[in-house]
Amino acid sequence: MSPTSATPPYPPLPAERWAGSPVRYPDPAVRVLDPRFERHRIDSAAVERLTTGYRWTEGPVWFGDHRCLLFSDIPNNRIMRWDEATSRVDVFRAPSDFATGASRDRSGRLVSCEHLTRRVTRTEYDGRVTVLADRVEGRPLNAPNDLVVSRDGALWFTDPGYGINSDYEGDRADPELPTRVYRIDPGDGTVEPVIESLERPNGLCFSPDEALLYVVDSGARPSTIEVFDMTTGRPTDGRRFVDMSPGGSDGIRCDVHGNLWAAAGGGGDGYDGVHVFAPDGTLIGQVVLPEQCSNLCFGGRRSNRLFMTAAQSVYSLYVNTVGL
C-alpha cells in the first residue's frame, strides 16, 4: 500500500442540517467519495444525535448483552450509560478516575484507560476493579489513552501522556517514560513496550486478520495514521498509512472488509466527523459531524450501528457493514 493524503475539498454542510428538523434522504452528512463506499451507505439512514451536554466524550463501548453504550465524559470524571431500549442516559461510574479509551476483553469485561491514576484496569463481573498496568521499569505510566484486545487475549494500549498535560482531564505531572505502545500478556500479565517510534501514539486497532496493526500518531505534524506488520506477533516495519491533514485522528476501528473508520477533528466544518479509508489508504467515505469526533465503535443488534463520541455529544449511524 502507498501512503495517501486525506486532502480533498471538505465543503461544510448547511447549518440547518443540525437544527433538529427531519433530514431528506440520503443524508448529506454521509458522503461517498469513492464508489467502494457506496455499498456501505444506507440511503434511508441518517446521523442521529443520541445525547449532548458533556465536556469531552470518549471511549465508546457497546454492551450487546445489556443493549447499552458506555462512554466517558472525561473532564466531568464519569462514565455514562446510554440505554438502547429507552434512550435514557445515566451515570455508570463516578468518579471514573478520568477514564478515557475503553474496550471489552475476550470474556466481555470492561477494560479502561484512566488518566488520573495513570493505569489500565479491568472491571470484574462483580464490579471490583483490577489493575492490569500502572508502572513499567519501576516508573509510573504517563497516562494510558486507548486500547484494543487481540484474539489471543493480549491487551494493547497507547500511552501518549495527554492526561498529565493539564489538570483538566487528570493531574498535571511530568512524564517519566517515553511515549509508547504496550502489550499486556494474557498469561502472566507482563507489560511489554512494542512501539517506541511515535510522537504521541493514540487510537489503535487491528485489521480483520490481525496481520496489520494501525496506530494514530496525533503528535506528528502532520497528524498521521501508521500501519505495522504483525507477521512476528509483534509490530514491525512501521510506515505511514495516511496523512490526516488538515486535521487529525484519534480513535479508529476496522470493519469486516478491512476498511479503517477513523475519528477526525481539527479540520473545521465539513472535515470533522469520521473518515473511512479502504485497505489501500484511499479515502472512500465520510460521516460529517458538527463537532470534532474523538472516538467510535460498532454496536447494535448486528454490529452495524456506528457510535461516535464527539466533543460534547454522542452520535450514531446505521451502516451497511459490520464492525469487528
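Leaving aside neighbours within four places in sequence, which residues is His40 in contact with? They are His257, Asn259, Val319, Asn320 and Thr321, where contact means heavy atoms within 4.5 Å. This is a predicted model: local features need pLDDT of at least 70, side-chain atom pairs count only at pLDDT 80 or more, and totals for chains, interfaces and linings use all residues. Residues are numbered from 1 along each chain as its sequence is written, and side-chain values use heavy atoms, with hydrogens and water left out.

**Overall build**

- The protein has 28 strands and 0 helices. Both are DSSP runs numbered from the N terminus: helices are H or I with at least four residues, strands are E with at least two.
- Along its principal axes, the C-alpha trace spans about 55 × 45 × 35 Å.
- Of the 324 residues, 58% count as buried. Buried means under 20% relative accessible area, exposed over 50%, and partly exposed in between, with a 1.4 Å probe and protein chains only.
- Among contacts with a separation of 6 or more, 48% come from residues 24 or more positions apart.

**Surface and charge**

- The accessible surface comes to about 13100 Å², and 47% of that belongs to carbon and sulfur atoms. Areas come from the Shrake-Rupley method with a 1.4 Å probe; for residues, only the protein chains shown count as cover.
- The protein has 35 positive and 45 negative charges, and their mean positions are 4 Å apart. Lys and Arg count as positive, Asp and Glu as negative; His and the chain ends are not counted. The place of a charge is NZ of Lys, CZ of Arg, CG of Asp or CD of Glu.

**Salt bridges**

- The whole structure holds 25 salt bridges. Each is a side-chain nitrogen of Lys or Arg within 4 Å of a carboxyl oxygen of Asp or Glu.
- Asp27 and Arg17 form one of them, at 2.6 Å from N to O. Both residues lie in the loop between strand 1 (4-5) and strand 2 (30-32), 10 residues apart. Asp27 and Arg17 are buried.
- Arg109 and Asp105 pair at 2.9 Å, N to O. Both are buried.
- In the salt bridge of Arg122 with Glu124, the closest N and O atoms are 2.9 Å apart. Arg122 and Glu124 are buried too.
- A network of salt bridges links Glu48, Arg67, Glu84 and Arg305.

**Residues to look at**

- His40 sits in the loop between strand 2 and strand 3 (48-52). His40 counts as buried because its relative accessible area is 1%.
- Arg253 is in strand 22 (residues 248-254). Arg253 is buried but has no salt bridge; Asp146, the nearest side chain of opposite charge, is 4.7 Å away.
- Beyond four places in sequence, the contacts of Arg253 include Ala102, Leu204, Cys205, Trp261 and Phe298. Asn259 is also among them.
- Leu283 belongs to strand 25 (residues 283-288). Its relative accessibility is 13%, so Leu283 counts as buried.
- Leu283 and Leu33 are 250 residues apart in sequence, yet their C-alpha atoms are 7.0 Å apart in space.
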